Amino acid sequence: MSSPGSKYVPAPPVDFVGREVDTYRVIRDISKQRLVTLVGVPGVGKTSLACAACTYMADRRLSLLEDGVLFLKAKGVSTYPAFLLAMMQLLVDRNTYSNLRERIRKLQQNDDESDDDDEGSGSNSPRVCGAHTGKIADINHDISRLEKLILSFFVPLRVLLVLDHIDDMLDMEDLKVFLASLFQDCAAVKVLVVCAQTLRMLRIPTHGVAETTCGIDNLTLKNTLRLFARMSPLLKTMQDKEAFVRRMLGDKQQAQQQQGMTMASRGITTKSANILRALGNGHPATILKLAHECTDSSFEDLMKLCESDVFV
Ligand SMILES: Nc1ncnc2c1ncn2[C@@H]1O[C@H](COP(=O)(O)OP(=O)(O)OP(=O)(O)O)[C@@H](O)[C@H]1O
Ligand SMILES: [Mg+2]
């Protein structure tokens, strides 16, 4: 893997708002741990955050990730063979073809040797070998070879493997066993899992690797307003956008008290709660949708929300 740097990491959104602390938390957790799971509700910005954190780390070529970041977009991947094929594709994209051919040749050689050993031992145990045992065994054999090949790629690497959006594979035991093998065989590989829930490697020996969960929530009031303003076609200039945020936050004292609030914060005023509610509770994907769909009249309704100012 000759090219560290962020060219293999998908770019975060151009207008990536309000995730500085979360980005720092993800980077800190990855620096210290080998398995980090980034969780949050759909659309809250997990993938965007993973991209931002990985871009930062890859650009700086941190020594603990000397070989960079491998970012697997796993959305839509719902079976274990499909996962392995996607992983393989990722590795092929990052390696020279001759390197790949050499590894396949070595693997083939090892397989042939172990087949010979089996025959020599006279064992009656069923062998997983396609030529003799039909289709299912064929598939199992292919899967296990693919696993070996992928693991062999990772062995020498100091790399962060990102598995983005593995929501459809959370119950898949095979995937967890694969990760456990990765932790055991590839001492310098770290994994960032991105999905709605924790992975929960229960019952699977992870060789001392514990799952660290990093959760992200909706945006604060100020960041919600900033994102809405940046995305709204009704606010045309930077001055328009900044003036909108200032107006919605109220005078200096109110702004200072309320800008960091979320719907779950104690001390949020009715006005702030109303504004947040009108802007999807600070949920980024919803804010984007509202900003794009906002009409003159719904914009006026939004502006009227700064008039109420009752503490809850
Ligand atoms: N902090 C942010 N600033 C600007 N845009 C954001 C931010 N967070 C998320 N977005 C935008 O919101 C949308 C959803 O974000 P993203 O895909 O990262 O969410 P997700 O949690 O990964 O969703 P899913 O669970 O569906 O995979 C995207 O269009 C993204 O660009
Ligand atoms: Mg995502």
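This is a predicted model: local features need pLDDT of at least 70, side-chain atom pairs count only at pLDDT 80 or more; totals for chains, interfaces and linings use all residues.
Okay, one term before we start: a residue is called buried here if 20 or more other C-beta atoms lie within 10 Å of its own.

The protein has 312 residues, and 33% of them count as buried. There are twelve helices and five strands. If you take the contacts with a separation of 6 or more, 78% of them come from residues 24 or more positions apart.

Let's go to helix 7, residues 221-231. Ten of its eleven residues are buried, so this helix is largely enclosed by the rest of the structure. Who's on that list? Leu221, Lys222, Asn223, Thr224, Leu225, Arg226, Leu227, Phe228, Ala229 and Met231. And what do those buried residues pack against? Four helices: helix 8 (238-249), helix 9 (252-258), helix 10 (270-278) and helix 11.

Now over to strand 3, residues 159-164. Here six of six residues are buried, so again we have an element largely enclosed by the rest of the structure. Both faces are covered, with Val159, Leu161 and Leu163 on one side, and Leu160, Val162 and Asp164 on the other.

Strand 3 has partners, too. Strand 2, residues 69-73, runs parallel to strand 3 and is joined to it by five bridges. In that pairing, leucine 70 has leucine 161 as its bridge partner. Strand 4, residues 189-195, also pairs with strand 3 in the parallel sense, this time over six bridges. There, leucine 163 stands opposite valine 193. And if you follow the chain from strand 3 through helix 6, residues 173-185, to strand 4, you trace a right-handed β-α-β unit.

Last stop, the ligand. Which residues come nearest to ligand 1? Of the 20 around it, those are Pro42, Gly45, Thr47, Ser48 and Pro284. Two elements give two or more residues to this shell, namely helix 2 (46-60) and helix 11 (284-293). Helix 11, you'll recall, is also one of the helices that the buried residues of helix 7 pack against.

Technical notes: Residues are numbered from 1 along each chain as its sequence is written. Chains are lettered from A and ligands numbered from 1 in the order in which they are written. A residue is near a molecule or strand if its C-beta atom, placed from the backbone, lies within 6 Å of it. A residue is buried if 20 or more other C-beta atoms lie within 10 Å of its own, exposed if 12 or fewer, and partly exposed in between; C-beta atoms are placed from the backbone. Two residues are in contact if their C-beta atoms, placed from the backbone, lie within 7 Å. Two strands pair if DSSP finds at least two bridges between them. A crossover is right-handed if, with the strands pointing away from the viewer, the path from the first strand over the helix to the second runs clockwise.
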